[in-house]
Amino acid sequence: KLESDRVGAHLMLGILHENQRQWEDARRDYERALRLDPTVTGPRAHLADLLERNVQSIERADSSSAAGVVTGENIRAKQILRRVAQLRREELELYARDASLLPNNAALQYRWGSSLYLNGQVEEATTVLERTVELAPRNPQYVLFLTLIYQKQQRFQEAVASVNKLVTLRPGNASYRQLQRELRQQANPSQRNP
């Protein structure tokens with residue numbers, strides 16, 4: 001129990017430090033949480049996201065250098081991306097474990113589906129997210145993610161049906177209505193206005 005509390009505390013501190021843009025402190029907090037209990041979900045996902053944002057900032061800063069030139073920053077970015085991929089693979093295994101133990105927990109199923117998606121397992125992610133939406137059909141975050149995955153897979157009829165649920169849940173949301181228009185056009189390209 002004490003270890004679990006300490007892991008949770010470091011995870012929350014990491015999130016707090018991230019919100020305050022204290023990136024190095026956040027990284028240390030997530031890594032401490034992992035050292036305390038490497039079998040818990042959460043710290044890896046947050047650390048992977050933090051590191052990935054770090055790589056994106058390195059790439060933006062490095063984009064001014066000559067194309068094709070390998071710099072120390074390029075090498076560092078590749079090393080960080082390998083670590084991100086490793087963290088996401090490890091987290092996926094833990095989510096799979098937890099999701100099998102709690103198959104009716106929509107939030108956990110959503111995190112597992114998201115993890116599958118981030119690991120490039122789009123078909124598996126779709127199946128898990130469909131189950132998530134069955135468990136919590138009124139959660140717009142879950143419905144939106146499933147809608148976007150259908151769109152990515154060019155399963156436009158299913159995407160339209162899903163976005164229609166989303167608009168029903170939040171009829172005043174302009175972004176959802178815009179997505180609905182886009183998906184309807186993608187589902188029926190012959191009906192586009194000239």
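Me: Is Gln-180 buried or exposed?
Reply: In this predicted model, Gln-180 is buried, with a relative accessible area of 8%. Buried means under 20% relative accessible area, exposed over 50% and partly exposed in between, for a 1.4 Å probe and protein chains only.

Me: Which residues does Gln-180 touch?
Reply: Leaving aside residues up to four places away in sequence, Gln-180 touches Val-163, Asn-164 and Val-167; contact means heavy atoms within 4.5 Å.

Me: What joins the side chains of Gln-180 and Asn-164?
Reply: The side chains of Gln-180 and Asn-164 are joined by a polar contact of 2.7 Å. Such a contact is a pair of N or O atoms within 3.5 Å; within protein, one must be able to donate a hydrogen and the other to accept it, and residues adjacent in sequence count only if both atoms are side-chain atoms.

Me: What about the numbering and the model?
Reply: Residues are numbered from 1 along each chain as its sequence is written. Local features need pLDDT of at least 70, side-chain atom pairs count only at pLDDT 80 or more, and totals for chains, interfaces and linings use all residues, while side-chain values use heavy atoms, without hydrogens and water.

Me: Changing topic, which helices do the buried residues of H7 pack against?
Reply: They pack against helices H5 (106-118), H6 (122-135), H8 (156-169) and H9 (174-187). Helices (H or I, at least four residues) are DSSP runs, numbered from the N terminus.

Me: And where is Gln-180 found?
Reply: Gln-180 is found in helix H9.

Me: What happens just after H7?
Reply: Gln-154 takes a positive phi of about 60° there.

Technical notes
Helices (H or I, at least four residues) and strands (E, at least two) are DSSP runs, numbered from the N terminus.
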